[in-house]
Protein chains: 2
Amino acid sequence: MDSKALHKISYGLYVITSKKGDRFNGQIANTVFQISNEPPTIAVSINKQNLTHGFIKESRVFAVSVLAQEAPLSLIGRFGFKSGREVDKFNGLKYELSQNGLPYPAEHVLAYLEAKVIQEVDAGTHTIFIGELTDAKVLIEGTPMTYAYYHQVKRGSIPKTAPTFIQKQAEVTVKMDKYVCSVCGYVYDPEVGDPENGVPPGTPFEKLPGDWTCPVCGVGKEEFEKES
Amino acid sequence: MDSKALHKISYGLYVITSKKGDRFNGQIANTVFQISNEPPTIAVSINKQNLTHGFIKESRVFAVSVLAQEAPLSLIGRFGFKSGREVDKFNGLKYELSQNGLPYPAEHVLAYLEAKVIQEVDAGTHTIFIGELTDAKVLIEGTPMTYAYYHQVKRGSIPKTAPTFIQKQAEVTVKMDKYVCSVCGYVYDPEVGDPENGVPPGTPFEKLPGDWTCPVCGVGKEEFEKES
């Protein structure tokens, strides 16, 4: 069995938000899809370990924000590589509220979809929440961020709780001078640099400014290890 | 509520195949996604009206073929706009068999995934079949066909049984000289022509060869109506 066949499945990239009392939380997910048209229902697959999972279980509502292709890694890192158990992910973020009072980022989001849970499916490590749409809005026109674009162009990394996370195996090719963030798995590639944060292509890891931080999860250079 | 927000969700495009006794059938679907990694499970959403739905219910196995971006409209039309109740969709098609004896098209497919059903979820018009992978293979390298690409570049049409089918509303802009296939909804746009079948861009509908047929569902010119 060649599990790389799984990598050929196409996904978008979304921020899933929910609430518990007056607390908000959100996370990145790639498995969002429409289930039926009449009434309009959508489904999301959420890892049971995630805080957002508990919030949806309790509030029975969630919102899906469709990220724009040009969304910065920092926005994905904010929702994808930090836990709401440790930080308030909305602290310092510009956001708006949907009809049911769920937050969505005010920038880099093409559209949001808000739903109330009508069914949940236990799928092992994940729960599939099926929700009937209660509100939906197109915010700006643009191209949606896809999972493929995120990996190929943005060189993003995958959290271990994602359904599509695959342990690196013997197939990893040894290349010199790339550095991996030990917290989130982001790979700094000197050939690419970090243009979003003013680091031009061709900048070796050693020449990065002392205050440079991981563009995904925000930790310092000392958390990086040479890729082996 | 703006249902156009649903159009911002990203999907791939797949042929889902199953069997019943020694009969094969298959259909196009866009809602395929990985659910968990250990064990690897995938899910597909299938309209209950479709013949493939009954085949999966009975055989408890299905295969997903990931279409290549360059797959011709005729392959999509074969599986998406004909019913296995009327035709044998594999008649005249080059195909191979997976480990469990499920067929997949031998050409224009990047990879196949074969699964046995471990759970099914009643989701109104559709059933979500969750399956554990039993076989998977990458066949050729290439870019997967996405639903967005199919619509924007290939100008494909959507069958009414797809979860993402939306009735055309007042938003349709009247443009002269486009013709719509009354069987499958494919739109012939003279500015685009039908290059896959030797019709160059700029060819008016009236100048199409007499034996030209709909590239998606195969009916003749007489089934087309001027777009209104």
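Start with one pair: K8(A) and E141(B) form a salt bridge, and their closest N and O atoms lie 3.1 Å apart. By salt bridge I mean a side-chain nitrogen of Lys or Arg within 4 Å of a carboxyl oxygen of Asp or Glu. Between chain A and chain B the count is two salt bridges.

Before going on, the ground rules. This is a predicted model, where local features need pLDDT of at least 70 and side-chain atom pairs count only at pLDDT 80 or more, while totals for chains, interfaces and linings use all residues. Residues are numbered from 1 along each chain as its sequence is written, chains are lettered from A and ligands numbered from 1 in the order in which they are written, and side-chain values use heavy atoms, with hydrogens and water left out.

Back to the two chains. There are 12 residue pairs in polar contact between chain A and chain B, both residues at pLDDT 80 or more. A polar contact is a pair of N or O atoms within 3.5 Å; within protein, one must be able to donate a hydrogen and the other to accept it, and residues adjacent in sequence count only if both atoms are side-chain atoms.

Which elements of chain A give two or more residues to the side that touches chain B? They are strand 3, strand 4, strand 8 (109-123) and strand 9 (126-138). Strand 9 of chain A gives the most, with nine residues. Strands here are DSSP runs of E, at least two residues, and helices are runs of H or I, at least four, numbered from the N terminus. By residue class, that side of chain A has 28 nonpolar, 14 polar and seven charged. Nonpolar covers Ala, Val, Leu, Ile, Met, Phe, Trp, Tyr, Cys and Pro; charged is Asp, Glu, Lys and Arg; the others, Gly among them, are polar.

In total, 49 residues of chain A contact 49 residues of chain B, with contact meaning heavy atoms within 4.5 Å. The two chains bury about 3,900 Å² between them, 65% of it on carbon and sulfur atoms. Buried area is the accessible area (1.4 Å probe) that two parts lose on being put together, summed over both.

Within chain A, the domain assignment, automatic or from a database, gives domain 1 (11-153) and domain 2 (179-226). Their centres, taken over C-alpha atoms, are 27 Å apart. The two domains of chain A bury about 570 Å² between them. On the domain 1 side, L73(A), F81(A) and K82(A) lose the most area, together 74% of what that side buries. The count of salt bridges between these domains is zero.

Last, the backbone. The peptide bond from E38(A) to P39(A) is cis, with omega near -5°, and P39(A) sits in the loop between strand 3 (32-37) and strand 4 (40-47) of chain A. In chain B, E38(B) and P39(B) are also joined by a cis peptide bond, with omega about -5°.
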